[in-house]
Amino acid sequence: MALLEVRDLTVNFVRRGERPFTAVDGVSFDVEPGQTVGLVGESGCGKSVTSLAIMRLLAKRGNKVSGSVRFEGTDLLRLSDKDMRDRRGRDLGMVFQDPLSSLNPVIPIGLQITEVLERHRGMSRKAASIEAVDLLDKVGIPDPSRRLTEYPHQLSGGMRQRALIAIALACRPRLLIADEPTTALDVTIQAQILALLRELVQDTGTALIMITHDLGVVAGLCDEVNVLYGGKIVERAQRHQLFAEPRHPYTHGLLASIPRLDAGRGEKLIPIRGSVADNIPWDGGCAFAPRCPNALPVCREVSPRLVPDNGGLLRCHNPVRPAVAAGGGTR
Amino acid sequence: MSNPAAEVLLEVSDLKVHFPIKRGIVIDRTIGHVFAVDGVDLAIRRGETYGLVGESGCGKSTLGRAILRLSEPTAGKVVFDGTDVAALKGEELRKARRRMQMIFQDPLSSLDPRQSVESILLEGMRAHGLDKDEEATQRRLRQLLSAVGLPETSLRKYPHEFSGGQRQRIGIARALSVEPDLIVADEPVSALDVSVQAQVVNLLEDLQDRLGLTYLVIAHDLAVVRHISDRIGVMYLGALVEETDADTLYENPMHPYTRALLSAIPVPDPVVEDTREQILLAGDLPSPANPPTGCRFHTRCPWRQASLCDTDRPQLREIGRGHRVACHYAEDIRDGRIQPHEVEPELIELTGALNPDLGPPDVGTVSEIL
């Protein structure tokens with residue numbers, strides 16, 4: 001049995017006076033113990049809402065969540081609020097994008113870590129602070145005992161993110177969800193944080209859901225990658241498979257449109273035309289069809305289904321042929 | 001394309017921008033300086049793209065703004081096509097600005113939400129007296145829109161009606177409206193989604209080919225900079241540490257910081273990611289208000305040596321054709337005579353005064369205020 005089984009997860013934003021908007025649309029995936037799964041997509045594809053829905057962090061008002069999220073067999077979406085609070089932080093940890101706004105600015109770092117230890121592991125304040133020093137040391141914060149008494153604004157961005165990871169790992173959760181953990185950081189600091197995450201996953205066997213827009217981050221970290229577009233998974237593949245042979249025109253387009261550090265100069269980038277605003281609703285065809293270089297008439301009539309393909313999953317009527325993909329262009 | 005014989009359009013020599021740190025409510029005391037840009041020399045030739053990379057806080061944006069006199073330089077010269085812009089005043093400065101334009105990072109906050117696109121594009125032309133003939137002006141507006149790939153109907157619309165990529169196109173059209181020679185683009189694509197980034201990057205390249213523009217592109221993303229630049233300068237804590245052409249920088253980086261920066265950038269290819277060697281830098285960027293002595297990078301440098309590094313500040317020196325490096329031991333590192341070692345991360349003190357929106361300000365004692 002998988003550690004986490006997400007089935008048909010759907011999130012509707014219901015606002016008074018507005019048409020309901022489906023942010024996440026029937027997303028299903030599994031996470032095995034110790035596995036790193038990537039959710040990749042551009043802004044607005046539903047990747048963050050998926051993670052918030054798994055953690056039950058979306059406000060009840062205005063958001064309709066359906067489907068199931070089974071964690072070791074228990075459906076998190078059916079748990080009472082109190083039971084969910086016990087799970088959050090103990091079984092499932094989360095690291096957010098902006099460490100400054102996810103840390104409490106008026107409480108010292110140390111207290112924010114011991115709070116978790118006292119709440120979930122029933123430790124005394126004293127034992128918890130000894131453990132906190134240990135945790136800060138493990139995530140690579142120099143002089144941890146002094147840092148305990150400092151406030152978030154006294155730490156640099158990279159150190160704040162480390163502190164946040166320490167909080168998320170305090171109870172040794174079996175699943176860690178990292179939502180764009182390095183987007184707000186500089187590249188050299190990003191490299192430090194990614195190395196830290198990689199190490200923690202290896203050492204503790206924690207499963208990791210990595211949410212990012214950066215395909216480079218995915219390439220170095222994830223075992224399995226889900227590409228999201230318009231709230232649906234459009235392609236799933238093992239890491240090497242996805243980058244070597246992207247099958248969905250969107251995945252292929254993303255890879256062709258990012259400048260690569262190791263590419264020769266003068267190679268033209270091949271952008272994806274249009275923007276997310278051109279999407280058509282999924283029930284009337286493929287949302288990506290208006291931007292797709294491979295679009296057929298059927299793409300605007302019949303919604304494609306997610307079917308097994310090449311060892312992964314694919315949602316496309318007219319996928320990129322491997323030979324064409326190697327040539328680097330689809331148009 | 002880079003042509004070593006082409007005439008130099010912009011020459012910056014020993015440019016410094018220092019921001020004072022003030023304390024006190026009634027009596028302003030200057031208690032120190034942030035050395036945002038501290039002695040930069042660079043030359044940009046006509047028609048080339050010069051890329052400036054570095055991490056946040058390295059002074060790259062301040063340098064770009066100082067070149068356009070949007071920030072006042074503390075010292076140094078900015079010679080643009082024969083005239084020292086840093087010394088210009090009043091009307092002369094205003095006239096000089098027509099030839100140097102800027103593209104900003106965030107297209108929404110750099111466009112007036114209450115101005116229509118037409119009015120945004122006309123404002124610069126009017127200020128520089130380029131709108132004399134009504135018919136020619138209208139023709140010019142349509143031409144500008146088609147150059148950046150926007151429909152003519154955009155003229156009557158307002159910035160909020162456009163997507164991020166389209167807004168950036170408006171920003172580019174605005175910069176082009178006064179027919180500049182030099183365009184300083186400060187993080188032109190970092191606010192955009194990846195699929196849209198490529199559109200804007202390609203647009204900038206096309207415009208350069210058609211109009212013969214000279215670009216100074218400032219960005220933190222080395223992959224983007226490498227893609228569009230002829231030459232690249234790498235900045236660290238207010239100074240250039242390495243400067244060379246784009247291919248050499250990638251294939252043969254000499255400065256330890258450039259090497260670390262290159263190895264830190266994720267490549268969207270698992271095969272490369274699994275095999276390449278990473279140089280992880282320890283610690284954070286030191287505060288520009290209190291830069292390290294000697295080489296500014298010595299506190300994080302894995303190749304740091306016991307002598308020179310912490311006492312003498314290395315100057316940029318030429319070690320290959322058009323390849324300048326500010327490192328005492330560049331050749332020894334290249335030839336493998338010095339091996340990297342572990343670096344203990346240093347504690348970086350963030351004080352409230354350096355970041356006015358962080359923490360309470362220290363207002364001084366009562367007797368000082370009275």
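Reply: In this predicted model, helix 4 of chain A passes helix 5 of chain A in a right-handed crossing. Helix 4 covers residues 109-121 of chain A and helix 5 covers residues 125-138. Their axes lie 9 Å apart, and the angle between the two helices is about 120°. On the side of helix 4 of chain A, the residues that take part are A:G110, A:I113, A:T114, A:L117 and A:E118. They meet A:R125, A:A128, A:S129, A:E131, A:A132 and A:L135 in helix 5 of chain A. Sorted by class, the residues of this contact between helix 4 and helix 5 of chain A comprise five nonpolar, three polar and three charged.

We may now turn to the chain that holds this pair. The secondary structure of chain A consists of twelve helices and twelve strands. Along the principal axes, the C-alpha atoms of chain A fill a box of roughly 65 × 50 × 40 Å. A compact globule of 331 residues would have a radius of gyration near 20 Å, and the value for chain A, 21 Å, agrees with this.

Strand 1 (residues 4-13) and strand 4 (residues 63-71) of chain A are joined by eight bridges in the antiparallel sense. As an example from this pairing, A:V6 has A:V69 in strand 4 of chain A as its bridge partner. Strands of a sheet pair through backbone hydrogen bonds, in either a parallel or an antiparallel manner.

Chain B also has an open sheet of four strands, in the order 2-1-4-5, and the pairing there is antiparallel. Strand 2 (29-45) and strand 5 (83-84) of chain B stand at the edges with a single partner strand each, so one side of each has no neighbour in the sheet. Helix 1 (residues 60-67) of chain B packs on this sheet, where it touches strand 1 (8-23), strand 2 and strand 4 of chain B. The direction of helix 1 makes about 115° with that of strand 1 of chain B. Strand 4 (residues 75-80) and strand 5 of chain B run antiparallel and are joined by two bridges. In one of these, B:V79 is partnered by B:D84 in strand 5 of chain B.

A helix pair of chain B may be set beside the one with which we began. Helix 5 (residues 164-176) and helix 6 (residues 194-211) of chain B pack at an angle of about 20°, with their axes 9 Å apart. These two helices of chain B are therefore roughly parallel to each other. Their crossing is right-handed. In the contact, B:G164, B:G165, B:Q168, B:R169 and B:I172 of helix 5 meet B:V196, B:Q199, B:V200 and B:L203 of helix 6. By class, this contact in chain B has four nonpolar, four polar and one charged residues.

Finally, the two chains touch each other, with 44 residues from chain B and 42 residues from chain A in the contact. Helix 6 of chain B gives the most to the side of chain B that touches chain A, namely eight residues. The residues on that side of chain B divide into 26 nonpolar, eleven polar and seven charged.

Technical notes: Residues numbered from 1 in each chain as written. Chains lettered and ligands numbered in written order. Predicted model: local features only at pLDDT ≥ 70, side-chain atom pairs only at ≥ 80, totals over all residues. Axes fitted to C-alpha atoms, helices over the stretch in contact; angles between N-to-C directions. Parallel < 35°, antiparallel > 145°, perpendicular 65-115°, else oblique. Left-handed = near helix turned anticlockwise from the far one by under 90°. Contact = placed C-beta atoms within 7 Å. Nonpolar A, V, L, I, M, F, W, Y, C, P; charged D, E, K, R; others polar. Pairing = 2+ DSSP bridges. Rg over C-alpha atoms; globule rule 2.2 N^0.38 Å.
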